There are 2 protein chains.
Amino acid sequence: MTKLIPSTRRSLPIALIRAREGVMSPIREMLSETGITEQQWRVLRVLSEYGRMDTKSLADRSSLLFPSLTRIIATMRKKGLVTQMRDDIDRRRQFIEITPDGKRIIDERTPHAAQIVAGFKETLGEQNYETLLDLLAMLDPGAHR
Amino acid sequence: MTKLIPSTRRSLPIALIRAREGVMSPIREMLSETGITEQQWRVLRVLSEYGRMDTKSLADRSSLLFPSLTRIIATMRKKGLVTQMRDDIDRRRQFIEITPDGKRIIDERTPHAAQIVAGFKETLGEQNYETLLDLLAMLDPGAHR
DNA sequence: ATCATTTCCTTAACATGTTAATTGTTGCTA
DNA sequence: TAGCAACAATTAACATGTTAAGGAAATGAT
């Protein structure tokens with residue numbers, strides 16, 4: 001018997017898009033007050049958590065492609081949220097660092113963000129929430145890094 | 001005690017992005033042979049499954065925003081994948097229908113797509129796969145429609 | 001019938017996603 | 001050391017995501 005593609009009502013890619021939309025909607029709403037985008041928020045989060053780092057690590061940890069990151073960094077530099085400096089030894093490389101202004105956005109909005117996340121945890125239940133993260137990790141080819 | 005935002009390593013939004021990337025990567029690779037995008041594939045899937053429909057239903061079912069859909073439909077019309085016609089009664093509305101050329105793409109690639117999906121089902125296990133879809137649906141505010 | 005409102009769709013403007021081509025550096029090696 | 005492969009980052013080109021504004025047609029109230 002031929003194996004049919006699942007109905008769009010039960011499609012994994014579409015389910016992932018919709019879940020992401022459901023999760024990001026309140027976060028985007030929160031971020032609109034700060035004037036930064038969801039991707040810029042991710043960059044700030046990573047830099048805040050790990051400190052100064054090279055672009056490659058930043059791209060990996062914030063799940064952004066290089067061309068996107070190039071533009072985002074340029075925007076964020078203009079806004080004074082990050083600084084950029086070349087590596088003196090290997091001048092192809094550069095390092096990105098969060099500024100006090102950038103850190104301030106993270107610090108001010110983290111409580112609200114945490115509250116939103118807590119809401120989803122409550123919606124799903126603690127156990128389901130952890131299960132979901134585990135299952136999602138299984139779909140990420142780079143999860144075991 | 002202050003509730004801290006989770007590490008970016010255990011962030012739900014980032015996990016959703018990465019899982020989506022993991023799932024879409026082989027699908028995009030498959031689609032590159034057809035010259036259509038992932039979103040255009042979704043539109044064709046929906047039209048193929050449900051037949052001719054108005055733009056609003058199409059947007060809902062393919063999880064696309066109206067401005068995106070407007071552009072995508074224009075592109076797909078130029079490619080001869082869909083046709084567009086106004087509603088004679090309510091002339092604000094229009095209906096979109098898949099063409100034989102569009103249908104051919106779906107028919108030719110569905111076996112490959114099904115194979116990719118089956119791979120993920122196998123990776124997760126049938127039970128986990130269903131659990132994942134259920135959990136993702138819980139994060140979709142429009143899931144109970 | 002008229003006007004404000006609502007609905008459907010399109011445009012506009014900006015940011016990001018995606019792939020491919022390009023530039024500038026470093027390293028290797030013949 | 002000249003030349004080439006490999007690497008880091010950028011740029012280009014096109015498509016989509018997202019929010020806001022605009023235009024055309026239908027609806028409802030007066």
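The residues of the surface near DNA strand C divide into seven nonpolar, eight polar and nine charged. This is a predicted model. In it, 24 residues surround DNA strand C. The closest are Pro67(A), Ser68(A), Arg91(A), Thr55(B) and Pro67(B).

The residues of the surface near DNA strand C divide into seven nonpolar, eight polar and nine charged. The model is predicted. In it, 24 residues surround DNA strand C. The closest are Pro67(A), Ser68(A), Arg91(A), Thr55(B) and Pro67(B). Helix 2 and helix 4 of chain A each supply at least two residues of this surface, and so do helix 1, helix 3 (55-62) and helix 4 of chain B. Helix 4 of chain A gives the largest share, five residues.

Now turn to DNA strand D. It is surrounded by 24 residues. Here the closest are Thr55(A), Pro67(A), Arg92(A), Pro67(B) and Ser68(B). Two or more residues each come from helix 1, helix 3 (55-62) and helix 4 (66-78) of chain A, and from helix 2 (38-50) and helix 4 (66-78) of chain B. The largest share is five residues, from helix 4 of chain B. By class, the surface near DNA strand D holds seven nonpolar, eight polar and nine charged residues.

Next comes the contact between the protein chains. Chain A puts 45 residues into it, and chain B 45 residues. On the side of chain A that touches chain B, at least two residues each come from helix 1, helix 2 (38-50), helix 5 (100-124) and helix 6 (126-139) of chain A. Helix 1 of chain A supplies the largest share, 13 residues. The residues on this side of chain A divide into 28 nonpolar, eight polar and nine charged.

Follow helix 1 across to the other chain. The axes of helix 1 (residues 12-32) of chain A and helix 1 (residues 12-32) of chain B come within 10 Å and cross at roughly 155°. Because of that angle, helix 1 of chain A is roughly antiparallel to helix 1 of chain B. The crossing of these two helices is left-handed. Among the residues that make the contact are Leu12(A), Leu16(A), Arg20(A) and Ile27(A) from chain A, and Leu12(B), Leu16(B), Arg20(B) and Ile27(B) from chain B. The contact between the two helices has 16 nonpolar, no polar and two charged residues.

Three strands form an open sheet in the order 1-3-2, with antiparallel pairing. Strand 1 (53-54) and strand 2 (82-86) of chain A are the edge strands, each pairing on one side only. Strand 1 of chain A pairs with strand 3 (residues 94-98) of chain A over two bridges, in the antiparallel sense. Met53(A) stands opposite Ile96(A) in strand 3 of chain A. Helix 2 of chain A packs on this sheet and touches strand 1, strand 2 and strand 3 of chain A. The direction of helix 2 makes about 90° with that of strand 3 of chain A. Helix 4 of chain A also packs on the sheet, touching strand 2 and strand 3 of chain A. The direction of helix 4 makes about 120° with that of strand 2 of chain A.

The other pairing in the sheet is that of strand 2 and strand 3 of chain A. These strands pair in the antiparallel sense over five bridges. In strand 3 of chain A, Ile98(A) is the bridge partner of Val82(A).

Note on methods:
Residues numbered from 1 in each chain as written. Chains lettered and ligands numbered in written order. Predicted model: local features only at pLDDT ≥ 70, side-chain atom pairs only at ≥ 80, totals over all residues. Axes fitted to C-alpha atoms, helices over the stretch in contact; angles between N-to-C directions. Helix = DSSP H or I, 4+ residues; strand = E, 2+ residues; numbered from the N terminus. Parallel < 35°, antiparallel > 145°, perpendicular 65-115°, else oblique. Left-handed = near helix turned anticlockwise from the far one by under 90°. Contact = placed C-beta atoms within 7 Å. Nonpolar A, V, L, I, M, F, W, Y, C, P; charged D, E, K, R; others polar. Near = placed C-beta within 6 Å. Pairing = 2+ DSSP bridges.
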